[in-house]
Amino acid sequence: MLRAMKETLMDQLEDLHQGKEWSQLLTKHQLYSNLKRRTNKSMYDVSNVRLESLLKFAQNRYSRLWRTRILRQLCKNTHSQWYLFDRLEPVDIQGNLLFIAPDMVVRIQNKWHLFRFDMQSSAHSVCHEEEANAMAIWAIQHNGFPQKPISFKLHTIAWHQGYWHQKTYQPSEKSVSNCSILLSNDMNAMKSIRTAGNRNPALLPLAQHYRTCQSCAFRTFCPGGKDLAKAKKEQALLELSTKKRLLEA
Ligand code: SF4
């Protein structure tokens with residue numbers, strides 16, 4: 001449902017950008033067809049009744065999203081310079097491919113406002129600001145945008161516990177540099193897990209449920225991606241033999 005909503009949002013924004021407005025009927029139709037396509041591809045069996053109730057949930061959440069300030073302003077043509085970006089388009093930062101693009105950039109007076117829409121988010125935490133700073137890293141190294149963090153404002157619009165929560169952050173040299181360090185530490189940690197896992201599969205942190213593996217980018221390299229239950233058994237055996245060797249040593 002979340003992916004269908006995001007897909008509908010980006011399509012509707014793209015049309016709005018070209019001056020085409022959607023009627024309520026068209027919005028409902030697009031939400032429904034995106035939901036249907038996604039549930040058809042899903043590993044879950046989704047009945048028609050379930051699909052209808054998902055559509056009602058999605059419609060409610062989606063219509064409230066369009067009541068947020070920035071989307072109302074865009075509908076009224078308040079801003080002439082705004083652009084959409086694909087968050088699934090990775091950016092190469094020091095040899096690492098990162099998915100940190102904003103969903104939308106709007107020029108308001110002398111600042112570039114970078115927006116991210118999250119259809120479902122966790123409770124607010126300091127990590128959210130650090131994550132939002134990744135959009136500034138993307139913008140600084142993207143052609144056509146200024147190089148200084150002060151030229152940007154970061155916005156997240158995220159659904160949590162029945163409401164759309166909007167947060168705004170002012171990036172600084174320090175917050176952007178902290179975010180870069182965090183991203184680089186994350187990448188190094190992932191690389192070492194992968195290297196350790198290649199050396200010894202017993203060290204791989206396997207998923208709890210096979211459904212997690214279905215959408216994992218590592219599933220072709222990971223034994224869990226082929227057969228999670230079998231990989232867990234093999235891992236348990238490897239752990240046992242490692243413990244046995246340590247006891248005998
Ligand atoms: S495929 Fe491997 S890395 Fe991916 S979620 Fe499953 S167990 Fe984890």
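This is a predicted model: local features need pLDDT of at least 70, side-chain atom pairs count only at pLDDT 80 or more; totals for chains, interfaces and linings use all residues.
Student: What makes up the secondary structure of the chain?

Tutor: The chain has 9 helices and 7 strands. Its C-alpha trace spans about 75 × 50 × 30 Å along the principal axes.

Student: How do you know that E6 and E7 pair?

Tutor: Pairing requires at least two bridges found by DSSP. E6 and E7 are joined by 7 bridges, so they count as paired, and they run antiparallel. His 155 has Thr 168 in E7 as its bridge partner, and Thr 156 stands opposite Lys 167 in E7.

Student: What lies between E6 and E7?

Tutor: There are 2 residues between them, and the two strands form a hairpin. Gln 161, in the turn, has a positive phi of about 45 degrees.

Student: Why is E7 called an edge strand?

Tutor: The open sheet has 5 strands in the order E1-E4-E5-E6-E7, with mixed pairing. E1 (82-84) and E7 each pair on one side only, and they are the edge strands. From one strand to the next the twist averages 20 degrees.

Student: Which strands does H1 lie across?

Tutor: H1 lies across E1, E4 and E5, and runs at about 140 degrees to E1.

Student: How is the packing of H1 and H3 described?

Tutor: Two packed helices are described by the angle between their axes and the distance between the axes. For H1 and H3 the axes come within 11 Å and cross at roughly 40 degrees. The crossing is right-handed. Ala 4, Met 5, Thr 8 and Leu 9 in H1 meet Ala 58, Arg 61, Tyr 62 and Leu 65 in H3.

Student: What makes Leu 114 a contact of Phe 152?

Tutor: A contact needs C-beta atoms, placed from the backbone, within 7 Å. Leu 114 and Phe 152 are in contact, so their C-beta atoms lie within 7 Å. Beyond its neighbours within four places in sequence, Leu 114 also contacts other residues, including Met 135, Ala 136 and His 155.

Student: Which residues have the most contacts inside the largest nonpolar core?

Tutor: They are Ala 58, Leu 114, Met 135 and Ala 136, in a core of 32 residues. Core membership requires burial, and a buried residue has 20 or more other C-beta atoms within 10 Å of its own. Ala 58 belongs to the core, so Ala 58 meets that cut-off.

Student: Which elements and domains supply this core?

Tutor: Elements giving two or more residues include H1 (2-17), H3 (48-65), E5 (111-118) and H5 (126-140). H5 gives the largest share, 7 residues. At least three residues come from each of domain 1 (2-66) and domain 2 (82-178).

Key:
Residues are numbered from 1 along each chain as its sequence is written. A nonpolar core is a set of buried Ala, Val, Leu, Ile, Met, Phe, Trp, Tyr and Cys residues joined through C-beta atoms within 7 Å. A residue is buried if 20 or more other C-beta atoms lie within 10 Å of its own, exposed if 12 or fewer, and partly exposed in between; C-beta atoms are placed from the backbone. Helices (H or I, at least four residues) and strands (E, at least two) are DSSP runs, numbered from the N terminus. Domain bounds come from an automatic or database domain assignment. Two residues are in contact if their C-beta atoms, placed from the backbone, lie within 7 Å. Axes are lines fitted to C-alpha atoms, for helices over the stretch in contact, and angles run from 0 to 180 degrees between N-to-C directions. A crossing is left-handed if the near helix is turned anticlockwise from the far one by less than a right angle, and right-handed if clockwise.
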